[in-house]
Amino acid sequence: MTKPLFCIWNNQSVELKKNNRQLAIQNLDLITDKVIPIFDEATQTVTNCLGIPVCCLGILIKEEYQIKSASGLSNLGLMNELAKTKKIPGENSFAINIIDSGNYLIIENTLIDPFFSKSILSQHYGVVSYLGVPLFISNGLCIGCLEVIDTKLRQFSIAEINFLMITARWCMAEYERNELIRKNTVNTVQKNNQNIIKNHQDNISHNQRINPQKNSLLDSEEYIRQLSFQLLNKLAQKLSIPLTSVIGMSSVLKQEIYGKLNPKQLEYLQIIHNSGQEMITLVDEITKLFHLKTEVHLKFTPVDLEDLGKQVLKSLETVASSKEHTLRLSIEPGEKVWNLDREKVKKTLYYLLITIIEGSRAGGEIQVHISGRSLNGAARSQMLKINCWVSHPWLGDGISFEKINSYQEALKLNKEVTNVVKALETSSLDIAEQNNYDYDLISLLFSAYLANLQKGNISLLGSAESVYRFVVSIPIFGVRN
């Protein structure tokens, strides 16, 4: 053993340390036997980069060391017990020493080591060389180990140790980040469901006090509508779980970790991966819309316009690519940080770009230009201007002519919020019935509604002789911090 173990001193008792570890593992949902793509990617990457036959990632759950991901376990013997069960008593694993000490462990030759030569891994599975590093979570607890194993003598370099430690930190950080996003989504859904149920109960009580018989049918319709809304929440939540697996596994397969692929297989895998990315983006937007539903009040914070524009374009890359569009951002020189409602500005621009992406012919370049203009020269009175248009290599610049009339009609009706609601409820638009509105038109109505909430508007400027473009105008209230 070339790296002596030592225990990190702290004031916690052994039992308290175990309890804290188990609570952390439970909170991270690592007790269940689920496939975790990021762990698979980590173990496969390690075996490929280090050229070592076996790599495992395990978690210590109570007194049992459970392998959550492994590559090459068959090298320890075909159909061996460890490969079949993916678990081993903690006291029989080398990892228990790493988890207890919080430090890495190198064993270059277990056969001559006075302590490890007597272990089951050495005597039964033929492990000769070993390197393991701790898996730390964000609160500093060590919950498991990332380890590499060889059945022959091997010396591990400092670079290999560092690579394994970096990989361990990366995969745990990614897993924790994904879990945080998932839990936030669940909490948002549950909070909205509770608000829906409470509002529905309040409506029923109010209607029954006014006229029980007259409102009974309306109550039933409202109840079905609210149940449908809750169901949509749940479906969006459940859909994100398999989509994450599709994206993660297709990413692993694309790297040819499990074998070489021919060009057609790689092409199809790329399509699967891109489609998964696009779907998860749409699911995220559905979830965010649930939360946005009740947030009609403005919340002003300092906003970096360039940073905001880049974030919106980044989130739309996959959607635009599926329509063979490219996205380009430009921003006017000068002050770039202003007091705005960040989320509503983002959504206004996001859904306006969705309108252009969905309503334009494939193969265009969608351009976004952001500027801040003074109103009547007043230093404290500013207007945010965002110009959006599309350039096409053979169709020219500007919004598609076949869409101009429908977009102009929608924006006319959107001058007042009440007109939008009335248009959606009575189908007063001549384009189609409410349920048959195109996605781009619904997106435009929603974007215009958000601009209206911010005391601004969206206009469609241009003519048959010049370039048609959307212009978002939003007043900036107050100076930046």
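## Helix α14

Helix α14 covers residues 439-453. Its 15 residues, at 1.5 Å a residue, should span 21 Å, and the end C-alpha atoms are 21 Å apart, so the two values agree. The expected span is 1.5 Å times one less than the number of residues. Helices here are DSSP runs of H or I with at least four residues, strands are runs of E with at least two, and both are numbered from the N terminus.

This is a predicted model, in which local features need pLDDT of at least 70 and side-chain atom pairs count only at pLDDT 80 or more, while totals for chains, interfaces and linings use all residues. Residues are numbered from 1 along each chain as its sequence is written, and side-chain values use heavy atoms, leaving out hydrogens and water.

α14 is mostly covered, with 11 of its 15 residues buried. Buried means under 20% relative accessible area, exposed means over 50%, and partly exposed lies in between (1.4 Å probe, protein chains only). Among the buried residues are Leu 441, Leu 444, Leu 445 and Ala 448. Just after the helix, Lys 455 takes a positive phi of about 65 degrees.

## Helix α2

Helix α2 spans residues 37-50. Gly 51 follows α2 and has a positive phi, near 60 degrees.

Strand β5 (residues 129-136) is largely enclosed by the rest of the structure, because 7 of its 8 residues are buried. Strand β4 (residues 105-107) runs antiparallel to β5, joined by 3 bridges. Two strands pair if DSSP finds at least two bridges between them. In β5, Tyr 130 stands opposite Ile 107.

β5 also pairs with β6, again antiparallel, over 8 bridges. Val 133 stands opposite Leu 146 in β6. The two strands form a hairpin with 5 residues between them. In that turn, Gly 140 has a positive phi of about 95 degrees.

## Asp 150

Asp 150 lies in strand β6 (residues 142-150). Its relative accessibility is 3%, so Asp 150 counts as buried. Not counting residues up to four places away in sequence, Asp 150 touches Ile 52, Pro 53, Gly 126, Val 127, Val 128 and Ser 129. Contact means heavy atoms within 4.5 Å. The side chain of Asp 150 also reaches the backbone nitrogen of Lys 152 at 3.4 Å.

Definitions and conventions: Polar contact = N/O pair within 3.5 Å; in protein donor to acceptor, adjacent residues only side chain to side chain.
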